[in-house]
Amino acid sequence: MSVQRIAMVGFGAIGQSVFDLIADEPRLALTRIIVPEGHQDEARTKLGDSARGAQVTVAAALDLLNDRPDLLVECAGHSAIETHVLPALKAGVPCMVVSIGALSEPGLPEALEAAAKAGDTQVHLLSGAIGGIDALAAARVAGLDSVTYVGRKPPLGWLGTPAEDKLDLRNLKEKALFFEGSARDAARLYPKNANVAATLSLAGIGLDRTTVQLYADPTVSENIHYYEAQGAFGFMGVTLKGKPLASNPKTSALTVYSVVRALKNRVAAVAV
C-alpha cells in the first residue's frame with residue numbers, strides 16, 4: 001500500500017498529538033500544515049528540528065498543483081471548514097473533519113455534501129469525543145424514534161457561556177440544569193461544546209429532533225457525556241467520562257485518538 005500524503009489544517013494540541021501518535025506508521029506522512037499568517041513560525045517551532053519535522057511544509061493554504069495531498073485533516077476549528085475543507089473537496093481531495101459542531105450552521109452540511117459530490121470524493125465526519133456512533137448510525141437504518149444527549153461538566157467548565165447568566169457557577173452547590181432544547185439551539189448557544197451533540201445528531205435523527213440537556217454539576221470533576229436512543233432496533237444508552245488531553249484540558253483525549261484511528265484505518269490491511 002502506498003504512503004498517504006496528509007495535509008493538516010491547524011497545529012494546536014490536537015494536531016501536535018496526532019503528529020506524534022502516527023510517527024510509528026511509515027505509510028502516513030504529514031507533508032503540509034496549514035495555519036494562518038502570523039502563526040507559521042510558531043508551528044515550525046512546534047515541529048522541531050527532527051527529520052520528520054523537516055519534511056513538513058508550513059503554509060497558509062493548500063498547493064494543489066505542486067503539493068497535492070491524498071487527504072486533508074481539519075483540526076483547526078469551525079472557520080477552517082469553509083476556508084479550506086470546501087475548496088479541497090471541490091478539487092477532489094478527501095477530507096476528515098473534527099469540528100463537527102460547525103455543521104449546526106444552516107446550510108453547511110449541504111455545502112459539504114455538494115462539494116464532495118462536485119469533486120467526486122468523500123468527507124469523513126469523525127466521532128471525536130463520543131463513542132457508539134457506529135451503533136447509532138446502524139440503528140438509524142431501521143428507524144429511530146428519539147435521541148437524547150445529556151452533558152455534565154463542573155460548574156467552572158461553563159464559564160464564558162450563557163450558563164453564567166442563569167447560574168452562580170462559582171458558588172453552585174448541587175447539579176443544575178441550565179439548558180434543554182434541540183441540538184441545533186445547543187450548538188448555536190454553546191458553540192465550544194457543540195461537537196458531541198452535533199455528531200450524535202448527524203448520526204441519528206438530525207439537529208432539530210435531537211434533544212439536549214446541559215448541566216453544571218459541582219459533584220463531578222470530569223466532562224460526562226450520556227445519550228440514549230430508542231427505535232425499531234431497541235434501546236441503547238451510552239455513558240462516556242472522557243479524560244482531557246494533557247496538553248490542553250479543554251480538549252478530550254478521545255478526540256485525538258479518533259483522528260489517529262481514522263488515519264491508520266486508511267492504510268491498515270484490516271480496518272476496525
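What is the handedness of the crossing of H1 and H9? In this predicted model, the crossing of these two helices is right-handed. Helix H1 spans residues 13-21 and helix H9 spans residues 253-267, and the two pack with their axes 9 Å apart, at an angle of about 45°. H1 and H9 are therefore oblique to each other. On the H1 side, the contact is made by Ile14, Ser17, Val18 and Leu21. H9 contributes Thr255, Val256, Tyr257, Val259, Val260, Leu263 and Lys264. Sorted by class, the contact of H1 with H9 comprises 8 nonpolar, 2 polar and 1 charged residues.

Attention now turns to the aromatic rings. A search of the whole structure finds 5 aromatic pairs. One of them brings together Trp158 and Phe178, with ring centres 4.8 Å apart. The planes of these two rings stand at 75°, so the pair is edge-to-face, a class that calls for an angle over 60 degrees. Distant parts of the chain are linked in this way: Trp158 lies in the loop between strand E7 (144-153) and strand E8 (176-182), whereas Phe178 belongs to strand E8, and the two residues are 20 residues apart. Trp158 has a relative accessibility of 2% and therefore counts as buried. Phe178, at 5% relative accessibility, counts as buried too.

Trp158 also forms an aromatic pair with Tyr190. This pair is edge-to-face, with 6.0 Å from centre to centre and 80° between the planes. Here again the pair links distant parts of the chain, since Tyr190 sits in the loop between helix H7 (183-189) and helix H8 (195-203), 32 residues apart from Trp158 in the loop between E7 and E8. Is Tyr190 buried or exposed? With a relative accessibility of 3%, Tyr190 counts as buried. Ring pairs link Trp158, Phe178, Phe179 and Tyr190 into a cluster.

Ala183 and Ala194 are 11 residues apart along the chain, and their C-alpha atoms are separated by 8.0 Å.

Note on methods
Residues are numbered from 1 along each chain as its sequence is written. This is a predicted model: local features need pLDDT of at least 70, side-chain atom pairs count only at pLDDT 80 or more; totals for chains, interfaces and linings use all residues. Side-chain values use heavy atoms; hydrogens and water are left out. Axes are lines fitted to C-alpha atoms, for helices over the stretch in contact, and angles run from 0 to 180 degrees between N-to-C directions. Helices (H or I, at least four residues) and strands (E, at least two) are DSSP runs, numbered from the N terminus. Angles under 35 degrees count as roughly parallel, over 145 as roughly antiparallel, 65 to 115 as roughly perpendicular and the rest as oblique. A crossing is left-handed if the near helix is turned anticlockwise from the far one by less than a right angle, and right-handed if clockwise. Contact means heavy atoms within 4.5 Å. Ala, Val, Leu, Ile, Met, Phe, Trp, Tyr, Cys and Pro count as nonpolar, Asp, Glu, Lys and Arg as charged, and the others, Gly among them, as polar. Rings of Phe, Tyr and Trp (its six-membered ring) pair if their centres lie within 6.5 Å; planes under 30 degrees apart count as stacked, over 60 as edge-to-face and the rest as tilted. Buried means under 20% relative accessible area, exposed over 50%, partly exposed in between (1.4 Å probe, protein chains only).
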